[in-house]
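Hello,

Here is the structure I promised to pass on. Have a look at it first, and then read my notes below.

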Amino acid sequence: MPARINNLISRRKFLQLSGALAAATAINNPCRVLYALTRDSGKKNVRDIREAFSACDMCFNKCGLIAQVENGVIKKLDPNPKSLKSKGMLCARGNAGVKQLYDPDRLKYPLLRKGARGEGKWQRLTWDQALDHAAEQFDKIGKQYTRCGFLFMAGTDMQSTFVHQFAEVYGSYNIISHESNCLLSRNRAFLDTYGVMPTPDVLNCKYIILPGANRFEALVTPDSMDLMTAKGNGCKLVTLDPRFTKTAALSHEWYPIKPGTDMAFFLAIAHVIIKEELYDNKFIKEKTFGFEELKDHVRQYTPAWAAKETDIPADDIIRIAREMAAAAPAAMVYPGRRSSDYEDSTQIRRSYAIVNALLGNWDKKGGLIVPAKLKVGSIHMEAPFYEDNPDNRVDAGMAQMMFDEEGSFKHTRDAVIEGKPYPIKGWMTYKTNPMQTGANRNKTIEMINHLDFMMSVDIVMSDTAYMADLVLPAPSYLERQDPLSVFVASSTCSGVIIRDPVIPAMFESKPVFWIVKELAKRLDLGEHFEFTMDDFRKAQLKDIPEVAKALEKDGVYNLAGPNYGIYEGKPFKTQSKKIELYSARYKDNGIEPMPVYKKPAMVPENHFRIVVGRNAYVTQSGSTNNALLWELQKENSLWIHPKPASILGIKDGENLEVKSSVGKVNIKARITRETRPDTVYMDTGYGVLSKGLTKIFGKGACISEILEDRADIISGNMAMHETFVKVRKA
Ligand SMILES: Nc1nc2c(c(=O)[nH]1)N[C@H]1C(S)=C(S)[C@@H](COP(=O)(O)OP(=O)(O)OC[C@H]3O[C@@H](n4cnc5c(=O)[nH]c(N)nc54)[C@H](O)[C@@H]3O)O[C@H]1N2
Ligand SMILES: Nc1nc2c(c(=O)[nH]1)N[C@H]1C(S)=C(S)[C@@H](COP(=O)(O)OP(=O)(O)OC[C@H]3O[C@@H](n4cnc5c(=O)[nH]c(N)nc54)[C@H](O)[C@@H]3O)O[C@H]1N2
Ligand code: SF4
Ligand SMILES: [Mo]
């Protein structure tokens, strides 16, 4: 069917499905959408066409886009070629943004839970009723349990900063982001080695090892784009992944490494580089700390030993070490992104950081760099002091070196369940879905059952919203004005991107900035939010007026370098003022100063290790119900290798039961050689509880239901690859 006809049909279907939508639109935004739709299907010659800049929000990358608007309806999203970060790319999910906007499943007005939690019975409220009710709960919980008795959790978003500011003026230190389920152990490792989190200059690199970094499916711009260009320019790509991902398929070499053994591989690489003196002596002397200790330490980690641990032949390890050293400094171990995998993930990532240091790629073209970043302003906010508050966050001290500003979802959830060190009875979530993305779903349910009040701000009835007491509808990114987003990307640029409403907010949806302002007023804290979004943006641009012009003209501002050599002569922000191969600070904190390899637990007989990952058309848990993306995959399945499948008598497509120590799910088998025989896999975002997600409800299984909630010991990052499951025919 031609795309245009298909579009018209689906728009009509959308209108039928959503009578409430039409009514709400008519109230909010003088019939524009309805009017435009009627005009469009009839008199095609009366057309009001315009284009508007925005930033994609189908994942955190914020690729630049240009929306095509016809008679008030967004028809299509195109890439903004001026964005150097996204380099003229809008991925499948980015293109599907229109279906997120016009999704009949969108939340339309505030809803109050009726009946039991998770029963799915709701009462429609006006905004005044909803905000009065919420303010009452905030007040009550603050008085009864101190202000820290309220927990705040906001996902990746330009407006998340206002949720954090609201938490601070309300008086709670218990603020967590999604990051303790994502990349904190990676950040910990690189910060503790280099004093800053570097950016990989993928574009100019000649040799890249991608350890479980699935850049051609788990898209990170510009790295995903640069990787392709670099490959075209002769860069060698080596992927280590227990699964044959698209990245593995596009790499020169793929090793299905035994899960949990990457540190053995990199310690052996370090062994070869040091033993064969393949490093830059001057660099090591001037810029690193603890080389002699490292030399002694890695002597034991021979390639022959690592081969047995990793299932990667010793000869290949030796060859890769030599090839990398020959390409250095334009060679790197890609730092990767999600590191919520093992209990020693910080130390695993330290081993990547150390090999990078041995390659001498710091601050060099094709190496690890720290691009110049724009200094944007903000509106200063003085938070009141609440005398009765406890001394610390509820999860304080539960990991050896937690990031105070991020905390740990895993440890916070445990603390809420135990009521220790003090009770938490309220929870606000904004644009995050821990019911799907926090390992061990039953524990999240248990946590919620310990609360007096839970409030969720989302665009659809996510599983997390489904469990809440009060659900508030938010506008999508195409209907909102956000603060400016300042980003640092790769070598090519850092910059600023702007997001203004392309069309007015539909239904009764309200941005979280407005929500927290209204709550603050009701809690006598209104004085802290006496500014508009325009005021906020003006403050951001105070010292960089040139940016405003570019944003107006191009929708994005790109800051060209300098990107290399900017660290020359500067001390590293570490204890020794150098790159720490050896960390005395770790030693002082009772942590191994250099990564010490510990064999991962053996997969018990008749069991598999289950790992987490992504494909190119799903963003974590958030887009499986998107009409366009859903067409690409309607449910998930369990990837299982033909060998164990045949032993278990499992046929392709057959129904399975997958059981771990914390839960069990039913899911269809996908028999494939694209995973190791000892490792199974399923996509995230299926097996939902929410009946409000009409396309995927009842489809597939929820991986978080069976993932054990272990944590990285150092950072408190969730560790999701430590789970073993038993698989049998259902
Ligand atoms: N099982 C499993 N767990 C994981 C991961 C995994 O792959 N599998 N990945 C981990 C990683 S790397 C990360 S980053 C985290 C991410 O975990 P989350 O922060 O939970 O991210 P999403 O799953 O994308 O959920 C985003 C939520 O925001 C809602 N939303 C989308 N757009 C808007 C909007 O404009 N406004 C509002 N108010 N809401 C919106 C969506 O409906 C959805 O409920 O999960 C981690 N946990
Ligand atoms: N399409 C798409 N793009 C995305 C996202 C998305 O959800 N969808 N999410 C964004 C976010 S928030 C993030 S954090 C990034 C995540 O980006 P990545 O970290 O690159 O992605 P993942 O797919 O989570 O994971 C890693 C890979 O590690 C493999 N793996 C499992 N165990 C091991 C092991 O022990 N060793 C090795 N070497 N590999 C292992 C898995 O099979 C998987 O393919 O992607 C971002 N981009
Ligand atoms: S990578 Fe795709 S989904 Fe993410 S911001 Fe860019 S276009 Fe949007
Ligand atoms: Mo992430």
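Which side chain has an N or O atom 3.3 Å from an oxygen atom of ligand 1? It is that of Gln620. I count a polar contact as a pair of N or O atoms within 3.5 Å. The backbone takes part too: a polar backbone atom of Thr437 is 2.7 Å from a nitrogen atom of the ligand, and a backbone N or O atom of Val457 lies 3.3 Å from a nitrogen atom of ligand 1. Taken alone, ligand 1 exposes 920 Å², and the protein buries 94% of that (areas by the Shrake-Rupley method with a 1.4 Å probe).

Before you go on, a note on the source: this is a predicted model, where local features need pLDDT of at least 70 and side-chain atom pairs count only at pLDDT 80 or more, while totals for chains, interfaces and linings use all residues. Residues are numbered from 1 along each chain as its sequence is written, chains are lettered from A and ligands numbered from 1 in the order written, and side-chain values use heavy atoms, leaving out hydrogens and water.

Around ligand 1 there are 30 residues, of which Asn433, Thr437, Asp458, Ser621 and Thr684 come nearest (a residue is near if one of its heavy atoms lies within 4 Å). The shell has 10 nonpolar, 14 polar and 6 charged residues; Asp, Glu, Lys and Arg count as charged, Ala, Val, Leu, Ile, Met, Phe, Trp, Tyr, Cys and Pro as nonpolar, and the others, Gly among them, as polar.

Best wishes

Note on methods
Polar contact = N/O pair within 3.5 Å; in protein donor to acceptor, adjacent residues only side chain to side chain.
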